[in-house]
Structures are given as C-alpha cells and as structure tokens.
Amino acid sequence: MADSSTYRPPLADYAFILQELFGTDIAARATDGALTAADAEEVLAAAGDFAAQVLAPLSTAGDRIGARLEDGRVHLPEGYAEAYRMFVEAGWITAEAPESAGGDGLPGVVRAGLGEMWNAANAAFALCWLLTAGQIHALDAKASEEIRRIYLSKLVSGEWTGTMNLTEPDAGTDLGAIRTVATPRADGSWGVRGQKNFITWGDHDVAENIVHLVLARTPDAPEGAKGLSLFVVPKFLVGADGTPGERNAVSTVAVEHKLGIHGSPTCVLSYEDATGYLVGELHGGLAGMFVMMNSARVGMGFQATGIADRAAQAASEYATQRLQGRVLDRPAGAPIAEHPDVRRLLLSMSSLVFAMRALGVYAADLLDHEEGVEAALGEFFVPILKGWTTEEAIGVTSDAIQVHGGMGYIEETGVAQHYRDIRIAAIYEGTTAIQSNDLVGRKVLRNDGETAAALFARIDATVAALRGAADPVASRISERLGRALESARRATSALLGFGATRDAFAVSVPYLMLLGTLAGGWMHALAVQAVLGHGEREETDAERLTAADFYTAHHLARVHALAEAVAAGEIG
Ligand SMILES: Cc1cc2nc3c(=O)[nH]c(=O)nc-3n(C[C@H](O)[C@H](O)[C@H](O)COP(=O)(O)OP(=O)(O)OC[C@H]3O[C@@H](n4cnc5c(N)ncnc54)[C@H](O)[C@@H]3O)c2cc1C
C-alpha cells in the first residue's frame, strides 16, 4: 500500500498553467517581466521539495497526537517546531510578504501554488502560515509606523506568528455581537478584556512570540459592527527595542478537540486586561480585519485544492494497485482503476482539482490588480473561490474514501484524515452561506450584475474560439460551455429580478456553486485551447482533453440544475 505521507507536488500542472493556460507567460505578465514562468517553476519546485520532504511526513503525527494543553502551555507534536524553524530559515514567509511590508513580494500566481502545496502537505501546519500571511497584509494596509516597526517586521521575518480573533461564544457569523472590550489607558495603550473562541494557532511553542489581531468594542462605541476597533495584542509584551519580555494578560483556557486538523491548536483565549495597541482608525476595525479575512478566504481556496489533490493522489495510487474482480473489456489482472465506475471517480476528482487549481491562479492574478475590471473580477472571485472549492473538496475527499473501499474508512490508509481535515474549510473564514451572501448582495445585486456580465463576456470569447473546431472534443466542449453560459445568464437575470429579497438569499449558495462550476468549465476550455495550439501533441495533452471532456459532461452539466434552483427562489 502507498505510504500515506507521500505527496507529489503538481509541478507539471503549474508549468502548464503559468506558461500556457492563459495564452501567455502569466508570471511575466504579472511582474512586468521581472519573474518569468520558468523562474516561478523553480520557486515552486523548491517549495514542492520542502512540502514533500519536511511538512508531509509530519501530517500523520499531527493528526494522531495533535496539539495538547499541559500546565497552561500548548505543545505540538515532535517535529513541528523544527519544521517551522526550517520554514522560516528557508525564507518562505518573507518570500510571500508584500514588498511594501519588507517581503520579497512574490506575485499571486506563484503564491497560489505555494499555498496549495503547504496545505496539501500538511493543512494543520499551513494554517499557521496562512494566518501570519493574512495578518501581514492587514498590518501593511492599516498599521501605524510604530506597529509596523515592532510587529510587522517580526511577522515578515517569520520570527513571530499571527492570529485572527473575531469569534466569541455569542458572536460567530454575527460580528456585530462581539462583546470583547478595549478601554483606553493614559499611556496610549488599551486594556483588552473578553473571551475569544476557536482561535487558530492561538497558542503554541514553535515561535518566540504570537501577535493576536483582535476585534473589540471601545467604551461608548456605536452598537453593532460599526463600533468595532482593531488591536494588536502580543502574547509577550514587547520592549521599545522589539524584544519580547513579560507575559501579557492573555491566557489559553482550552485547546478544542475537533473532527480534523488536529495538528492546528484551536484555542479558547481569555483576555484579562491584556495590553493592546490600536490598529487603524477607532471604529474602523472591520475594514482592517477584512483585509486579513480576504487574504484568508483566498488561502482557503488553496487549502481546498491542496487537500483535494492529496486525497485524489492517494486514490489514484491505491486504484492502480488494488485488484478486485474481472474488469469489463480489459485483460485479466487489470486493477480497480480500470473499472468504469472507479475510472469515473478518479476522473471526477482529478478534473475538479485541475479546475480549482487553475481558478486559484486566475483569481490570485486578478487580485494583484488594484483597479479596473480585473480588480473587480478579483473581488468577485474571492467568495466563489472560497465557497465553491471548499464545498467541492469535501466531495473529492469523500470520493477518495470510496475508491479505497473499506480501507478508506480505516485510519491506517490516511485518506480518512483528508476527509476530516477538509470539513472545516466550508465553515471557517465565513461559512458558504456567508460567501454566497457576499457574492449575491455586494458583488451581483449592488452593481446590477455588471461584473458577472464582464465574466460571461470573457467566457463567451472562449466558447467562440473553440466553436466548430476540427477536434471533436474541443467542439463539444464549446457547445457544452455555451449552453452552461446561457443557463448562468438566465440564473443571473432571475437573481437580479429578485433584488435584495429573501428569494435571492434563499438561492445564493446554488448561485455561487453555479458560478464556480461554470468558471471551472471555462478553465478546462482554456486548457483545451492551449492544447490545440501545440504543433505536435505532448504526452499530457490526451489527459488534458479527457479531463476537460469529463468535467464538462459530468460537472459543468450541473449548472443547468443549479440554474433551475436559482430561478425557483425561496420555496414555501
Ligand atoms: C477549527 C476552527 C478554527 C477556527 N478558527 C478561527 C480563528 O482563527 N479566528 C476566529 O475568529 N474564528 C475562528 N473560527 C470560528 C469560525 O470562523 C466560525 O465557527 C464560523 O464563522 C461560524 O460561526 P459560528 O460557529 O458561530 O456559527 P453560526 O454563526 O452560529 O452559524 C450557524 C449556521 O447558521 C448559518 N448562518 C448564520 N448567519 C447567517 C446569515 N446571516 N445568513 C445565512 N446563514 C447564516 C451559518 O451559515 C451556519 O450554517 C474557527 C472555527 C473552527 C471550528
């Protein structure tokens, strides 16, 4: 049986996506030629080695032993602190931080690949990176010079890690219900009191200090979300020279026992007049936190792709080794991978993973733009990437168990861990419903469907480019994508007709899934277009055509059913 800790970084796919999928070298386009696709591939290859050799072998121990609270201190399984030290020394945190924050400023198209690989290798470990990276973006956008000098620099170097503190026992989705209070002190600092729940990497022993980014309410602040302000609260108080000293008044009350990601310490933190410092404007906390949340939501897309790919890899490996029964129209001794239905499951998984991966790179590239249609499309794709990939990844990991049969349900194969680990991804950083409310409310209804129409026009261009192609796969993909686009336009008109009513929000999740599925089909159509451009067929071309054919027949076809659901509005 394959070793469950084995991970094969998808370097060939990234090379194809970066060089060919979008008809140009997108790394070079994103960096005005400073970094080519070939350079990006070298970065990804080095990351892939690190992920496969250092992070992946720790994932099973992280799952089985998990993070533990003992004598008031949180401990991680053996090897995690060392892996974190190596991660920092290899410069991976600095590499991804923006140049404005003192990092190397790798473009989104490369960060997408890195994010996927860290998560595929060890999702629980990757959460530490994901939150630190998100906090770097928030502090870079909002923090004062003093906070940048003391905190941001230590986060960018990787010496300290970051957390995101929104949730409280009575404030989950509804941030307006947050009760943690910050009271001003004479020296300009704030005293923070309250309890925060479910704080990812909220306490640990792998770095010198932890910077908590906390949403709290100041005295006399307006009610609801408009009264929230943002504070940095360090685990250890920091001297003027940036050295950590005494312990701040933040204690770890518990480490949660949970379904998956056991290697990630999910903490209940108690703030007992802890010293904090205001970030950005008073009562402007939500805008600052949104910078971190947006970064984390995109990161969830990479987490979903990574975990899904890891599960699909395990399933494909198992299916080529397991013999069971005579396979129809195949010689004796053919493995289960050749049974038509197992082949269906394998193609379903791999074609979804490609669609998620390509869409992740596309969205990350859009998000590097600050204005215009590209920037608007980038914002449009944040909830789609987060919501659609995480929901699909749950299905992919479930299919991976199915391919393993009974052994999939037995922990020893390792595939059950992926199923357990991914389940949270559709819940944290805003549930799928919250993503779809954002998509429908802010990004479709508020601009009368203008951004959706811009996306549809781009997809239309691909449909036209493939229409009537001599290659039969290309021509049927054009036809299927064209019909899916019609359904998507019909669903969008229905939604615009509903306006901001219960009808629209009752079908916002089907609408989000429709757009994600459609965009995935578009990514496959672009792949077909790139393959048709090859003078001589390459080894992987046939696989790409089969994946696109399968995706558009089995997954893209769901768009029509989803459009029916959208048009129905609220039932009852
Ligand atoms: C392992 C783990 C790690 C986490 N890490 C962090 C972290 O680092 N920092 C942090 O601050 N939080 C963290 N969280 C909290 C997480 O973000 C919340 O659990 C999540 O936002 C949902 O909030 P809730 O659990 O209170 O559910 P609720 O808000 O009670 O939601 C319950 C259900 O109601 C639905 N619902 C609620 N409001 C609406 C609405 N307006 N429209 C439609 N449906 C709605 C939800 O979609 C969901 O299905 C973590 C949670 C877990 C389990």
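Residues are numbered from 1 along each chain as its sequence is written, and side-chain values rest on heavy atoms, with hydrogens and water left out. As the model is predicted, local features need pLDDT of at least 70 and side-chain atom pairs count only at pLDDT 80 or more, while totals for chains, interfaces and linings use all residues.

Grid points are joined across faces, edges and corners, and a volume is the space filled by probe spheres set on the points. Searching the whole structure gives seven cavities of 30 Å³ or more. The second largest cavity has a volume of about 50 Å³, and its lining includes S59, N119, N122, R310 and D421. Two or more lining residues come from each of α6 (108–142), α8 (285–321) and α12 (415–422); helices (H or I, at least four residues) and strands (E, at least two) are DSSP runs numbered from the N terminus. Helix α6 gives the largest share, five residues. By class, the lining holds four nonpolar residues (Ala, Val, Leu, Ile, Met, Phe, Trp, Tyr, Cys and Pro), two charged ones (Asp, Glu, Lys and Arg) and five polar ones (the others, Gly among them).

Charged pairs come next. Side chains of opposite charge can pair when their charged atoms come close. With a salt bridge taken as a side-chain nitrogen of Lys or Arg within 4 Å of a carboxyl oxygen of Asp or Glu, the count comes to 32. One of them joins R193 and D273, at 3.9 Å from N to O. Because R193 lies in strand β5 (residues 190–200) and D273 in strand β11 (residues 266–279), this pair ties together parts that are 80 residues apart in sequence. D273 is partly exposed at 32% relative accessibility, where buried means under 20% relative accessible area, exposed over 50% and partly exposed in between (1.4 Å probe, protein chains only).

R558 and E392 form another salt bridge, with their closest N and O atoms 3.2 Å apart. This pair links helix α19 (residues 558–568), which holds R558, to helix α10 (residues 372–404), which holds E392, across 166 residues. R558 is partly exposed at 31%, whereas E392 is buried at 8%. R420 and E411 also meet in a salt bridge, at 3.0 Å; R420 is buried at 14%, and E411 is partly exposed at 35%.

Polar contacts are pairs of N or O atoms within 3.5 Å. A polar side-chain atom of T173 lies 2.6 Å from a ligand oxygen. Ligand nitrogen atoms lie 2.8 Å from a polar backbone atom of M164 and 3.2 Å from a polar side-chain atom of N437.

Finally, a word on the backbone. Most residues other than glycine have a negative phi. W201, in the loop between β5 and β6 (209–217), has a positive phi of about 55 degrees and is buried at 1%. D329, in the loop between α8 and α9 (340–367), has a positive phi of about 60 degrees and is exposed at 68%.

Key. On a 1 Å grid over the protein atoms alone, a cavity is a set of points where a 1.4 Å probe fits but cannot get out, and a pocket is an open set with protein on both sides within 12 Å along at least five of seven lines; lining residues have an atom within 4 Å of a point. A polar contact is a pair of N or O atoms within 3.5 Å; within protein, one must be able to donate a hydrogen and the other to accept it, and residues adjacent in sequence count only if both atoms are side-chain atoms.
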